[in-house]
Amino acid sequence: MRRVIDRAVLRRWLAGYEAAWRAPGTESLATLFTGDAVYLQSPYEQPVAGLDAIGRMWEQAREGPDEVFTLSTDVIAVDGATAVVRAEVCYGDPP
């Protein structure tokens, strides 16, 4: 069964995503992704499949919970279980 989402649900998910990135460890990923999730970092990279692999990728990709960055998101569209979000991440201080 595909879950229908709306903009409010999506915004809460995005807030949880940012909180998970800022938190130590990767335990909170299970609240964001299913065990068989596929994570695509860019259209030109190989997808990362599975919750464990996503956790390993996160730990390799980030500096840690004190990493300085800003994340701004804009919900472009929501249709049933499909959503489009524009996200901009600026790393460093100042960004």
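This is a predicted model: local features need pLDDT of at least 70, side-chain atom pairs count only at pLDDT 80 or more; totals for chains, interfaces and linings use all residues.
**View 1. Order of the helices and strands.** The secondary structure of the protein consists of 2 helices and 4 strands, which follow the pattern α-β-β-α-β-β when they are read along the sequence. Of the contacts in the protein with a separation of 6 or more, 47% are accounted for by residues 24 or more positions apart.

**View 2. Overall dimensions of the chain.** The C-alpha trace of the protein spans about 40 × 30 × 25 Å along its principal axes. A compact globule with 95 residues would have a radius of gyration near 12 Å, and the 14 Å of the protein therefore agrees with that value.

**View 3. The largest pocket and its lining.** The largest pocket holds about 1,400 Å³ of space and is lined by 33 residues, among which Trp13, Leu14, Tyr17, Leu32 and Phe33 lie nearest its centre. The lining of this pocket divides into 23 nonpolar, 6 polar and 4 charged residues.

**View 4. Elements that supply the pocket lining.** At least two residues of the lining of the largest pocket come from each of α1 (7-22), β1 (38-39), β3 (69-79) and β4 (82-91), and α1 gives the most to this lining, with 8 residues.

Methods. Residues are numbered from 1 along each chain as its sequence is written. Side-chain values use heavy atoms; hydrogens and water are left out. On a 1 Å grid over the protein atoms alone, a cavity is a set of points where a 1.4 Å probe fits but cannot get out, and a pocket is an open set with protein on both sides within 12 Å along at least five of seven lines; lining residues have an atom within 4 Å of a point. Grid points are joined across faces, edges and corners, and a volume is the space filled by probe spheres set on the points. Ala, Val, Leu, Ile, Met, Phe, Trp, Tyr, Cys and Pro count as nonpolar, Asp, Glu, Lys and Arg as charged, and the others, Gly among them, as polar. The radius of gyration is taken over C-alpha atoms; the globule rule is 2.2 Å times the number of residues to the power 0.38. Contact means heavy atoms within 4.5 Å.
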